[in-house]
Amino acid sequence: MNGPIIKCEQLGKRFGKLEVLRSVDLTIPQGAIVGLLGSNGSGKSTLIKCLLGLLRISSGTASVLDENPWDLSAAGKNRLGYVPQVVHLYPWMKVQQVVDYTSAFYERWDFKWTLEVMQMLEVDGSKWIKTLSTGQLQRLAIILAFGHRPDLLVLDEPAASLDPGGRRALMRSLLEMNRDQGQTVLFSTHITSDLERVASHVAILGNGLVEYFGEIDELKESVKRIRIQSDQDLPTQFTIPGILHSNVTGSTAVVSLAKCSDSLISDIEKQWSATVTVEDLNLEEIFLEMSDV
Amino acid sequence: MFKTFRKYYGISIVWIQRPLNWWMVAVLAVIALGGPGLGGKRYETRNGYPEAPSPLAKHFIKNHKVFRQAIDRGEVDKTIEGMDLSSIESPDSGDMKLDASNAWQPRVLPIFDIKKAVALFPNLRWLRIPSNHFSMLQTGAFDDLSSLETIHIEAGSVSDADLKAVSRLKSIVFLQIDTLDLNGSLTHLASLPKLKTLVISKGSFMMTDTPRESPFRREVLNDIQRLKSLEQLVLHPQWLPGIGYFAGSTTPDPSCDSILKQNAAELLADHPSLRHLWIGSQQLPEERSGLRAVAKKLPGVNINAAWFDLQKFRTSNAFLLFLGLTSVGIGFNLTSHFSAPQAILVPGYQASHQLFSMAIFYLFAVVASVTIPLWTNISLSASIAIVTYVLGTSLLFHYCVMLLWQQGSRIASRAVLPVAAALYFYAFLGTSQPSWGLLVDRFLIGDFPIIATSVAVTSLAVSFYCIRAFRNQHRVYAQASISPAIAVDQFRQNGADNAWKEKLTSIDKKAAKNCFAQNRRWYKSLDNFRSHNAASRSCLQMNRLWQLGGNAFVSQVRFGLVYSVIVLFMGIAYSQNDLRDGGVLWGVGLMHFIVTANAIPLVDNYSRRKSHSFELLLPSKRSDFILHRFASTFFQVGISVLVSLAIAMTIKQLVFSPVTGLLILRSIIMSLFVTGILTGISLIFVIMPVHRFNWFLNGVISLFIVGVGVFLAITSVALLVYIYFNGEFIPQLIDLQQAKIIAFASHLAIIPCTAIVTSVVLAGAFRLWMREEFA
């Protein structure tokens, strides 16, 4: 398959009159590691559930692994791994039993790899499920989603309950799989440092649509914060093309720009007889600037 | 192959290790050990053979008044097809007379009147002649009844002349003789060309130790051998285990079970046309072996006992309880397996689990179906019907609970359990409707292949649908768990707007009017919000508009499933004479499908109370919200009551007498009142325990009260409707006390009285809610 692994056009999801997703356009190429960012209630989990067929979409189209997500075939499911936000497993069973039980449903299950991931995530196969903490359950869910080496891995806030060690191990295995197999990963998270570490692409969800989707380096290259020191007082309603956020104090302004370029900087310097300093932003700062928080 | 084995091995491990299943096994083991003992060792017995099919009630005279009116009119009535002379004595106290022992007795009508009356009904085909009118037989009073097919005579002593008189009735197909003394030859009956069924029974006569001409002696059996057209024979003596002798006699009483069976096996062996024989009893091991011996000697004849043991009936109930719990256990397992995302996303997960559960379900069905005939001697098809019915209804019940669960009503689904316990207690252990054992009982009397096939097919379809329906559980759950939260959010937003308006009410009247209009618009917007699709705007789904955050899917499934099954059962019951023979299937179906499923919306009130609390905190009138809750419950219950009424009216029209406009009007008015009472009672029970006890007691007591309360409410309503209709429905009820109740319940004044009771109950419930709810 050479086309996009996930594609949705004008995807909408509403509950009654409330529109959670308005018009989501998203095309995820094969082999990408995509981080899904968005504030609370922006519809990240809803989008993931729609893409996996757990919720029926209200409008638009979506395809996952070239299939309609509502009617995923067994072959499609064999190429798909999912780590939910809340993990439901059988409390009366042992970890190894659940792994064996789950493995039986998949056509190709890599037991050696599963063992490696179990060791990496420090999960004990002899433990009862009911004795596991939330974080350990999350680790087990990751193991169950990784075991069959899926082509597409979807994780809904996988690191929310993990300790730093667990997060590091998770990120490492994601990178390993992506490197070895060209696996595609879509994961939602609020921990932008993780995302920065592994993601090749980022999608920012807000107002019911994808406000930005692109390569993470491109985003970081594009979004900048500039400090303007002018000889004269700057207007309160200071505007520049592509402005995200501005703070003007007399002859000084701090401005966030969605698309910062050398020509734009030189134009500002000329127009306002100013000195402009360009600052790089990390992903968290970019997200905050873009989501207007 | 190995892969498949691993998969199903894994599933079975999941099932086996589950603690819930161990509990289930423990409960089942207790039932298996103690179940057959439930009810104690009783040897009550009843008839085990089919009665002659009687005409529909509207073509039947059993009522003294109707009979007297017919005589007074003196007009020939060709619509009457049946007459029971034992029931036409006067039930009215005005016609009672004191007998020699100074006891009140009904006045017996003079023979002349009966003879005259019989002539007025030339199309009579069913006739029962009690002992006090038996002498009429020889007078030739019935000789001109050319359509007479069934005759049931009761006489302390039947003479040769009586039998000769019977032999003049050439159209007879079914003849039942209840007597202790048959002093004549049955060979006279050989001249009856159409006689297919002969029942010789001790009837209601008590055993005597005086030597008489037993109707079960060898000579009589010899005579039966000569009845060439006879296909069904019932030999139903007093239950006499072992060998008994009349006083001073050295010859054993031929009515003794073993003697009768020996004689029948010997003397009926070469009967040319006999197809079915009901004989003696099967309570004791030797009686059962006697039956087997008869069956060996009469190879072409279907042999059954004429007596059945109540103990067996109770064992059936316990056995069916076992099956019901198994079915519920399967449902619970499915609920947990399909409530997580892996049900949708793991390849082959749903199909494998469904296959596994269906395999267990059908394995139990097959084992149980084969087991029941071993100790009840009913046919395999009947056994399959019973087993699938019980398993299917249990699964349907669990499915309804699951739907409640999916919409977030965990409390409701737990509250349903005591309701189920109350409702099903009688089903498992009772001896009358709606006991499951009655199904076994029904098939003990006859095979009824069409009923058996229909019941089995319907039940299998329902169970298949229920098991299949679990597969999308996670999707429904995900959708439903998000929707109510959004509904509450929407409510809060609207409420915030409304709060500003609300403040104006104390300022001026115009603003207050505006506020009222705003409230109306608010509720309208809420309704619109919930009726976003066309289906939910239908009348049937209106109830959902009041379900704050509820799920229309629940109502759709409940109404759809329940009523389609009811209509089907009604059709089967009608077509198979079940309604005429006491309506066993109808009664059982009614109980398990209507009552159980409709208890759920009432119990749902209990769970809604929790979400209600959010809404009551909004700056809007508390009374409005409570009114909405009342309106919602009233509407839901009203739909059920009216649908039930429509079904009852249809039965009345079909089976009894034509439905008049006045009756429909009265019934609808009464149904509305009944709905009001039921609404009030259920809401009182829901609110009663709030704030009265600590959290534990509050939980336990409220569950108990909701369970028992809803059960009592439903029973009260059922009784009210039943009594109200009795006057028209059950004309054969001539008991003096019952007649008084009927007369009372049918009186017009009952309507305003019920209206007052309804108002009091509803007003009381409303006041209680206003006082208690989050006070």
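Start by selecting B:Ser171: its side chain reaches the backbone oxygen of B:Leu148 at 2.5 Å. Keep in mind as you click around that this is a predicted model.

B:Ser171 sits in the loop of chain B between helix 6 (160–167) and strand 9 (174–178). Is this serine buried or exposed? B:Ser171 counts as buried because its relative accessibility is 11%, and the cut-off for buried is under 20%. Now show its neighbours: leaving out residues up to four places away in sequence, B:Ser171 touches B:Leu145, B:Ser146, B:Ser147, B:Leu148, B:Glu149 and B:Lys194.

Next stop, the interface. Select the contact residues, and you'll have 33 from chain A and 32 from chain B. About 3100 Å² is buried between the two chains, with carbon and sulfur atoms giving 65% of that. On the chain A side, highlight A:Leu54, A:Trp92 and A:Phe105; these lose the most area to chain B, together 24% of what that side buries.

Now look for polar links across the interface of chain A and chain B. The rule finds 0 salt bridges there, but 6 residue pairs are in polar contact, both partners at pLDDT 80 or more.

Finally, colour chain A by element. Which one gives the most? That's helix 3 of chain A, with 4 residues. Colour that side of chain A by residue type, and you get 21 nonpolar, 6 polar and 6 charged.

Technical notes. Residues numbered from 1 in each chain as written. Chains lettered and ligands numbered in written order. Predicted model: local features only at pLDDT ≥ 70, side-chain atom pairs only at ≥ 80, totals over all residues. Heavy atoms only, no water. Contact = heavy atoms within 4.5 Å. Buried area = accessible area lost by both parts, 1.4 Å probe. Salt bridge = Lys/Arg side-chain N within 4 Å of Asp/Glu carboxyl O. Polar contact = N/O pair within 3.5 Å; in protein donor to acceptor, adjacent residues only side chain to side chain. Helix = DSSP H or I, 4+ residues; strand = E, 2+ residues; numbered from the N terminus. Nonpolar A, V, L, I, M, F, W, Y, C, P; charged D, E, K, R; others polar. Buried < 20%, exposed > 50% of the residue type's maximum accessible area, 1.4 Å probe, protein only.
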